[in-house]
Amino acid sequence: MSACERPAGARTIDELLTQVRGRIRRVHPAEAAARLAAEALLVDTRPWEQRSRDGEVPGAVVVDRNVLEWRLDPASPWRIPQVTGYDVEVIVLCNQGYSSSLVADTLHTLGLHRTADVVGGFEAWAGQGLPVADARRSDAAA
């Protein structure tokens, strides 16, 4: 098989995103802000470098991507305190709204059926003039 031939069953990332987005709920930044104000858990998965450069969403919980499933699985002994059960509304935020779709699908698979991601990610959030604060390193829930 050459380097350009895809193995049987393999998908491109665009195909995977289309499939995943057919299974999850997506919300626009203004709706995410309203859901956050109504007690939804907004999870920011962006790395420190992006948060320090661009800022953070006040009230969001920062969870490093490499430990996210363990911190948000209601059955995990390493979950964050905000995850009190499977009915918690979780909204995932990344930088542009791509990896957050994959994360939201994974969390839905873990049983968090009220999970969504933010269309356009943090860039859309900030672009719509929604609240942004300077990043604080101690906020990471890794």
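Predicted model: local features only at pLDDT ≥ 70, side-chain atom pairs only at ≥ 80, totals over all residues.
Residues are numbered from 1 along each chain as its sequence is written, and side-chain values use heavy atoms, with hydrogens and water left out.

Helix α5 spans residues 99-109; helices (H or I, at least four residues) and strands (E, at least two) are DSSP runs numbered from the N terminus. Its buried residues are Ser100, Ser101, Val103, Ala104, Asp105 and Leu107, where buried denotes under 20% relative accessible area, exposed over 50% and partly exposed in between (1.4 Å probe, protein chains only). The cover over these buried residues includes the helices α1 (13-21) and α4 (68-72) together with β1 (25-27), β4 (90-93) and β5 (115-118). Just after α5, Gly111 adopts a positive phi of about 105°.

The axes of α1 and α5 come within 9 Å and cross at roughly 50°; axes are lines fitted to C-alpha atoms, for helices over the stretch in contact, and angles run from 0 to 180 degrees between N-to-C directions. α1 is therefore oblique to α5, given that angles under 35 degrees count as roughly parallel, over 145 as roughly antiparallel, 65 to 115 as roughly perpendicular and the rest as oblique. The crossing of α1 and α5 is left-handed, a term that applies if the near helix is turned anticlockwise from the far one by less than a right angle, with clockwise being right-handed. Contact (heavy atoms within 4.5 Å) joins Ile13, Leu16, Leu17, Val20 and Arg21 of α1 to Ser101, Leu102 and Asp105 of α5. The residues of this contact comprise five nonpolar, one polar and two charged; Ala, Val, Leu, Ile, Met, Phe, Trp, Tyr, Cys and Pro count as nonpolar, Asp, Glu, Lys and Arg as charged, and the others, Gly among them, as polar.

Within α5, Asp105 counts as buried because its relative accessibility is 11%. With neighbours within four places in sequence left aside, Asp105 is in contact with Val20, Arg23 and Ile24. In helix α1, Asp14 is exposed, with a relative accessible area of 56%. Asp14 and Tyr98 are 84 residues apart in sequence, and their C-alpha atoms lie 9.8 Å apart.

In soluble globular proteins, nonpolar side chains tend to be buried together. A nonpolar core is defined here as a set of buried Ala, Val, Leu, Ile, Met, Phe, Trp, Tyr and Cys residues joined through side-chain atoms within 4.5 Å. The largest such core has 18 residues, and Leu41, Leu72 and Leu107 have the most contacts inside it. Two or more residues of this core are given by each of β2, α4, β4 and α5, and the largest share, three residues, comes from α5. Not counting residues up to four places away in sequence, Leu41 touches Val61, Leu72, Ile80, Gln82, Val83, Val88, Glu89, Val90 and Ile91. A second, separate core of 14 residues includes Val27, Ala32, Ala40 and Ile91.

Ile91 is found in strand β4 and is buried, with a relative accessible area of 1%. Beyond residues up to four places away in sequence, Ile91 touches Val27, Ala32, Arg35, Ala40, Leu41, Leu42, Val43, Ala116 and Val118. Between Ile91 and Ala33, 58 residues apart in sequence, the C-alpha to C-alpha distance is 9.8 Å.

Glu39, in the loop between α2 (29-37) and β2 (41-44), has a positive phi of about 85° although it is not a glycine. Glu39 counts as exposed, at 72% relative accessibility. Pro58 is placed in the loop between α3 (48-54) and β3 (61-62) and is partly exposed, with a relative accessible area of 39%. Excluding residues up to four places away in sequence, Pro58 touches Leu36, Pro131, Val132 and Ala133. Pro58 and Asp134 are 76 residues apart in sequence and 9.0 Å apart in space, C-alpha to C-alpha. Asp134 belongs to the segment after α6 (121-127) and, at 70% relative accessibility, counts as exposed. The C-alpha atoms of Asp134 and Ala8, 126 residues apart in sequence, are separated by 46 Å.
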